[in-house]
Amino acid sequence: MKLAFIGIGNVGFALAHNLQQSGHEIIIAHDNVGSESVLKAQSKNSNFTALPVQEAINTADVVFLATPFNLNEAILKPLDFRNKILVDCTNPVGPGISHGLESKISGAEKIQEWATRAKVVKAYTIYGFENLENPSFPDYGLKPVMPIAGNDDKSKEVIRSLNTDLGFETLDVGNLSQSLHLEHMTLLWVKMVRVNGHHPNFTWAYLER
């Protein structure tokens with residue numbers, strides 16, 4: 001598939017690089033295709049191409065959003081997503097590693113408000129980028145779980161297939177409003193690792209009897 005990335009920092013690059021290694025075509029969506037962030041990503045993976053944001057959306061099968069949450073409204077409102085899948089890889093984080101929207105609504109639901117013609121799926125947020133760079137835990141004989149949430153079942157099936165390519169087991173937790181609880185899982189991981197010094201190389205697993 002053709003996958004466009006709005007945001008190619010630690011999270012965006014880790015996902016894009018691994019998906020390119022799995023055979024997908026990666027397009028960096030940036031209105032300055034010669035920017036430092038684009039050139040840095042291309043220096044690490046020369047297979048990445050770059051296009052202006054709307055052109056990248058028009059070309060892609062799936063679009064990933066991996067930007068600081070506070071920039072998202074301004075980024076998204078001018079864009080037309082043409083009923084394509086938009087994967088929300090962002091998190092609203094407030095002071096003291098709190099929920100940036102005071103837990104009243106999920107960030108993913110705000111993304112859907114701002115990207116009205118997108119089919120938003122929440123994914124790739126509950127771990128740091130380290131576990132997107134390397135999701136393999138060979139000592140355990142199972143894959144780490146990647147929960148996803150969204151209102152469109154067909155879109156979630158597409159993300160399930162990408163999860164498989166990345167090395168994750170998928171757990172569909174329900175509609176997009178469930179993203180609020182995934183964002184709290186993010187805050188748990190971030191507080192453990194970025195604040196309290198736990199090592200980052202751990203994930204959750206889904207065990208079913």
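A salt bridge is a side-chain nitrogen of Lys or Arg within 4 Å of a carboxyl oxygen of Asp or Glu. The legends below concern a predicted model, in which local features need pLDDT of at least 70, side-chain atom pairs count only at pLDDT 80 or more, and totals for chains, interfaces and linings use all residues. Residues are numbered from 1 along each chain as its sequence is written, and side-chain values use heavy atoms, with hydrogens and water left out.

**View 1. The salt bridge between Glu183 and Lys122.** The closest N and O atoms of Glu183 and Lys122 are 2.8 Å apart. This pair links distant parts of the chain, with Glu183 in helix α8 (residues 179-195) and Lys122 in strand β8, 61 residues apart. Helices (H or I, at least four residues) and strands (E, at least two) are DSSP runs, numbered from the N terminus. Both Glu183 and Lys122 are buried; buried means under 20% relative accessible area, exposed over 50%, and partly exposed in between (1.4 Å probe, protein chains only). In total, the structure holds ten salt bridges.

**View 2. Salt bridges of Lys156 with Asp172 and Asp153.** The side chains of Asp153 and Lys156 meet at 3.8 Å, N to O. These two residues are separated by about one helical turn because they are three residues apart in helix α7. Asp153 counts as exposed, at 55% relative accessibility, whereas Lys156 counts as buried, at 4%. In the salt bridge of Asp172 with Lys156, the closest N and O atoms are 3.0 Å apart. Asp172 lies in strand β10 (residues 169-172) and Lys156 in helix α7, so this pair ties together parts that are 16 residues apart in sequence. Asp172 is partly exposed, with a relative accessible area of 32%.

**View 3. Strand β8 and its pairing partners β5 and β9.** Two strands pair if DSSP finds at least two bridges between them. Strand β5 (residues 85-88) pairs with strand β8 (residues 119-122) in the parallel sense, over four bridges. In this pairing, Lys119 of β8 has Ile85 opposite. Strand β9 (residues 145-150) runs antiparallel to β8, and two bridges join them. Here Val121 stands opposite Gly150 in β9.

View 4. Helix α1 has twelve residues and reaches 17 Å from its first C-alpha to its last, close to the 16 Å expected at 1.5 Å a residue; the expected span is 1.5 Å times one less than the number of residues. Its buried residues are Gly12, Phe13, Ala14, Leu15, Ala16, Asn18, Leu19 and Gln20. Gly23, which follows α1, has a positive phi near 105 degrees.

**View 5. The largest nonpolar core.** A nonpolar core is a set of buried Ala, Val, Leu, Ile, Met, Phe, Trp, Tyr and Cys residues joined through side-chain atoms within 4.5 Å. The largest has 38 residues, and those with the most contacts inside it are Phe5, Phe64, Val87, Tyr124 and Ile159. Helix α1 (residues 10-21) gives the most to this core, with five residues. Residues touched by Phe5 include Leu15, Leu19, Ile28 and Phe64, not counting residues up to four places away in sequence; contact means heavy atoms within 4.5 Å. A second, separate core of 22 residues includes Leu65, Leu76, Ala118 and Leu176.
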